[in-house]
Amino acid sequence: MAGDGPDRDAVLRAIRRGEGNFGKREIARLLKLKGDERIGLKRVLSALESEGVIQRTARRTYAVADASPGVRLVEIVDRDTDGELLARPEKSDPGDPLIRMAPGQGASGRAGGALGVGERALVKIERDQDGEPVARLIKRLGQSAHRILCVYRADGSRPRLVPVDRRSKNELIPSRDSPLSPKNGDLVICELAKDRQHGLKSGRIIEVVGNENEARASSVISLAAHGVPEGFNDNEVEQAEKAKPATVRNREDLRHLPLVTIDPEDARDFDDAVLAEPDEDPKNKNGWVVWVAIADVAHYVTPNSPLDRGALKRGNSVYMPDRVVPMLPERLSNDLCSLRPDEDRACMAARMVFNASGNKIGHSFHRGLMRSSARLTYAQAQAAFEGNPGPEAADVVTSTLQPLWKAYQAVKAARQRRSPLEIDSPERKVRVDEQGNVVSITRYERFAAHMLIEEFMIQANVCAAETLEQKRLPLIYRVHDEPSREKLTALADYLPQVGMKWSMSGPVKPERFNQLLSQAKNRDYEEVVNEVVLRSQSQAIYSTENLGHFGLNLQRYAHFTSPIRRYADLTVHRGLIKACKLGDDGQTNEEASKLSGIAEDITHTERRAMAAERDSVDRYIASFLSDRVGSEFQGRITGVTRFGAFVRLAETGADGLVPVSSLGDDYFHHDEKAHALIGRRTGGRFELGQNVTVRLKEAAPITGGLILEILDKPKRGRPSGGGRGGPPRRGGGSPGRSGGGAGRKFDRKPRGKGKGGKPGRGGPRKGK
């Protein structure tokens, strides 16, 4: 930093990273500016703006002048029901809404000729009179490599390709040069061969991935649609099969410690173990020593080896209702790196010391050989904590579980003082039998045992970040930034609808959100307040720049506790091995130089996995409900857009779309501030959080889409006269995802682990 302010180049790098979304506050936080340095930042920004190097946006953020935030590279992927082109921004996340091209933008003679599906383009993003984003063509960039997953239909006079993406409304026809000959009902991947202004597009079939009638087709479709890589190459398999169990040589012998694993009931691999014992140090009266031992994956997956390159490509394991797509082969994930009872296993362990108030006062890392004393489920551990241990826990109640519970009470008190964000966002658990049929759909049951494990994992993750910072080694943080001003404004605009308020002048802290949630507790609008608070949050990412973890209210945080299924944790383990001098197979200089790019890559693979998991659940639920078309359900409106309302069914937690065209004779327009669809003539309202009775009109297992009809009359209101004139929008189609996405947390909530091909979602996964 310069003496009178930050370096100009550093400021420009921060602005470029923000892609037009960073204001002065975000830039200052990224550059870690304090006091007078923030005043210096204002001077640097003013100078850069006056020189024309940067420019202010309408949202009072900054953008580099030659990279306006309104200009994006996009890929044209479809047409909507009105025939207008739909575009996906490059580097967008799977499941993100598509952007509609402004009317007429695909016509001939515009920016060098007609624009069609399958092309890339440079566009300028604007807002139409309804406030919805639209794209105007600047320049065509040629054909993209767009791939589409379709169902091959040959049950009529002419074969056709039906996209499985619910946002795609147009079928394709197989091109004549397709090298494959699929059968009716096959799931195929095709490339767009040609886009015609009139008539069907054509697709070149390049791969057959299964059949729609196969058991577990929902997961096959979701994995293929999101490009999730499956399987391992020969070199990976060979390296894994050659791996041998670790011995105590060059390791600390921890086999005397009565560590236990606590996992979901249907977990098949156990990669973390815990233990607590009273601290014998007289200076720490009533204090506790807590051990968190993690499978030593770095011992087997060495830098730049075949296993390492494959794990980086996958980024993380993917958890579907009927299977797990593991990051590493089963020889590791279900054997050598699974902390099975009474078997010697290599581990990386965090030894943490807490005082009587639950505050951490010290920690150290150890590379050892351990032997788990017991494998417990959450339910079994909970029963033992409550004084009713079963036979599985009998041998470790006194040695491990009772001290573990007492230590947790102290650490829990410290957590409450820290006041992390406490959003109640229940998740669905879909159980599938061997034939791929849905057996049940329930909410995850959370015990105190879940929260105990979660909190000790969080503390171990903090220790990892602190150690690597102290040793001045580069690392990948788990970053969760505070909400943007734009999202907070939307929250403040909505809360008066339920008699609550948010002051934009107050400090932005998790505690303030918790106060809102507490005020809404046990009220009719409790769920909707949780929804809007959730939507106001940023999404966590991986980054080599530390912005802290807002949701957990922690200054530094790094993933350490599950390297068997997250590549981020593996990089942290290697860093700790080097920092603490625990071996010669730690972080290399080459890996250290690539961490920033790795962080971006694994953020993408994580979101790809989340989208595939979510879509698989949606498809299984649509299959489960497909024989109940015409039935009535109770639900609640969880989202409103210009094209309709999303309703979550109380019975299954499934989200369905109510097209705006089905709401009645009135013209309903979207009031963004009120989160409501309001009739222009009558003033009738369908608003966020409203309880409704709906009828299931369509259930499409292939796409996972549900189409619903609201049977209730709208709430009374005043005629508004807002929105565009004309008849209700027809077709009910959506350029966005019909699931609404309302139930996702700001950070991925890890769930149960499982063996490939077996159910593996037995409960919340550990760590944030």
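**Reading the terms in a predicted model**

Reader: How do you know that the length of helix α14 (residues 567-579) agrees with what its 13 residues should span?
Author: At 1.5 Å a residue, the 13 residues of α14 should span 18 Å. The end C-alpha atoms are 19 Å apart, which agrees with that span. Do keep in mind that this is a predicted model.

Reader: What makes α14 largely enclosed by the rest of the structure?
Author: A residue is called buried when its relative accessible area is under 20%. Twelve of the 13 residues of α14 are buried, so the helix is largely enclosed. Among them are Tyr-567, Asp-569, His-573, Arg-574 and Ala-579. Just after α14 comes Lys-581, with a positive phi of about 55°.

Reader: Why does Ile-702 count as buried?
Author: The cut-off is under 20%, and Ile-702 has 16% relative accessibility, so Ile-702 counts as buried. You will find Ile-702 in the loop between β32 (691-700) and β33 (705-710).

Reader: Which residues does Ile-702 touch, not counting residues up to four places away in sequence?
Author: Ile-702 touches Val-151, Val-164, Glu-212, Ile-221 and Arg-619. Ser-218 is 484 residues apart from Ile-702 in sequence, yet their C-alpha atoms are 7.0 Å apart in space.

Reader: Why does Gln-459 count as buried?
Author: The reasoning uses the cut-off of under 20% again: Gln-459 has 11% relative accessibility and therefore counts as buried. Its place is in helix α10, and Gln-459 touches Met-352, Phe-354, Lys-360, Val-411 and Arg-418, leaving out residues up to four places away in sequence.

Reader: Which residues have the most contacts inside the largest nonpolar core?
Author: They are Leu-332, Leu-401 and Phe-560, in a core of 107 residues. Helix α10 (residues 448-470) gives the largest share of this core, ten residues. Apart from this core lies another, of 29 residues, including Val-438 and Ile-710.

Reader: What makes the contact between Asp-322 and Arg-216 a salt bridge?
Author: The rule asks for a side-chain nitrogen of Lys or Arg within 4 Å of a carboxyl oxygen of Asp or Glu. The closest N and O atoms of Asp-322 and Arg-216 are 3.4 Å apart, and the pair forms a salt bridge. Both residues are buried. By this rule the count comes to 48 salt bridges.

Reader: What makes Glu-236 and Arg-314 another such pair?
Author: Their side chains meet at 2.4 Å, N to O, and the limit is 4 Å. Glu-236 lies in helix α5 (residues 234-242) and Arg-314 in helix α6 (residues 306-314), so the pair ties together parts that are 78 residues apart in sequence. Both Glu-236 and Arg-314 are buried.

Key: Residues are numbered from 1 along each chain as its sequence is written. This is a predicted model: local features need pLDDT of at least 70, side-chain atom pairs count only at pLDDT 80 or more; totals for chains, interfaces and linings use all residues. Side-chain values use heavy atoms; hydrogens and water are left out. A nonpolar core is a set of buried Ala, Val, Leu, Ile, Met, Phe, Trp, Tyr and Cys residues joined through side-chain atoms within 4.5 Å. Buried means under 20% relative accessible area, exposed over 50%, partly exposed in between (1.4 Å probe, protein chains only). Helices (H or I, at least four residues) and strands (E, at least two) are DSSP runs, numbered from the N terminus. The expected span of a helix is 1.5 Å times one less than its number of residues. Contact means heavy atoms within 4.5 Å.
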